[in-house]
Amino acid sequence: MDERLKILAICGSPHKGNTYELLRVLKQSNPEIDFKILMLAELNLEDCMGCYSCINNGEESCPLRDDRDKIIEEMKNADGTIFASPTYARTISALMKKFVERTSFIAHRPVFFGKYAMALGTCAGFGADLTCKYLTENFTQYGFNFVPSVELMVTRKTENETNHNRTQATKAYEKLISAIRSKEKVEPSLNQLVYFNIFKSIAEWNKLKGWADYEFYQDKKDFYYSVKIPFLKNKIAKWVSGRVIKKMMANR
Ligand SMILES: Cc1cc2nc3c(=O)[nH]c(=O)nc-3n(C[C@H](O)[C@H](O)[C@H](O)COP(=O)(O)O)c2cc1C
């Protein structure tokens, strides 16, 4: 059996530029780790058609035939995933957004609990923080435990800057590795609890047209898996989600 740690880096850059270069540095920094870089640009990802089949009827009913499932399988097989994207127009690249849309049914029915992740964002001036925030918030909803992200300005003007960026990226990567190795248990965040309550309510309302979500939430009470949640935290989550749900109900 292969005991090597498996890291998957999903790169949303359309070319092997600054973002890829940093991932290559991470790969080289720990040669004993099985580190795979997936360039979304080299895979076949169709545009989501907005038909809701994946959400309502289950992901297998998606009419598109592309590499979506292949990528999800790679994420399941990895111990940790790095979501990397350049900042284009103050957010993630269009390619990364396409990947998010193709997999967004996982936000409804998350499966990556116990898996670790990190966001890496590059920019030329400002916006890498927004890119990382988007990646972290979105993929946390898939179940991943995120370590702090790495947000880098890359101009390639000086050797100092290049070295600084490489050091920052490697430091963040080391944190990801150590979180995986220590199997750090992370208590569900308030946000995750709120989202759980909201998605569970959506599943209830849509049970006639959306059996996939309804089935998924049937045996889930306070969270996606059995975990002790502090009383007050749960109360606050129920209160916050209750307000959101009430607003959503009012618009139905
Ligand atoms: C279409 C486009 C939009 C961009 N928008 C931003 C931006 O909003 N903020 C910023 O700081 N840099 C922006 N940049 C610069 C890139 O984020 C930066 O050069 C990045 O490191 C490129 O990574 P890559 O080589 O992997 O594509 C943009 C670049 C392109 C091509």
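For a chain of 252 residues, a compact globule would have a radius of gyration near 18 Å; the value computed for the chain is 19 Å, which agrees. The model is a predicted one. Its C-alpha trace spans about 60 × 45 × 40 Å along the principal axes. The chain contains ten helices and six strands. Buried positions make up 36% of the 252 residues. Among contacts in the chain with a separation of 6 or more, 77% join residues 24 or more positions apart.

Helix 1 was examined in detail. This helix covers residues 18-29, twelve residues in total. Four residues of helix 1 are buried: Thr19, Leu22, Leu23 and Leu26. These residues cover an arc of only 100° around the axis and therefore fall on the same side of helix 1. Their packing partners include five strands: strand 1 (6-11), strand 2 (34-39), strand 3 (80-86), strand 4 (116-123) and strand 6 (150-153). The buried residues of helix 1 also pack against helix 7 (159-182).

Helix 1 also contributes to the ligand site. The shell around the ligand holds 17 residues. Ser13, Gly17, Thr19, Pro86 and Cys123 come nearest to the ligand. Helix 1 gives the most to this shell, with three residues. Strand 4, like helix 1, supplies at least two. By residue class, the shell divides into eight nonpolar, eight polar and one charged.

Definitions and conventions. Residues numbered from 1 in each chain as written. Predicted model: local features only at pLDDT ≥ 70, side-chain atom pairs only at ≥ 80, totals over all residues. Expected span 1.5 Å × (residues − 1). Buried ≥ 20, exposed ≤ 12 C-beta atoms within 10 Å, placed from the backbone. Arc of directions from axis to C-beta. Contact = placed C-beta atoms within 7 Å. Rg over C-alpha atoms; globule rule 2.2 N^0.38 Å. Near = placed C-beta within 6 Å. Nonpolar A, V, L, I, M, F, W, Y, C, P; charged D, E, K, R; others polar.
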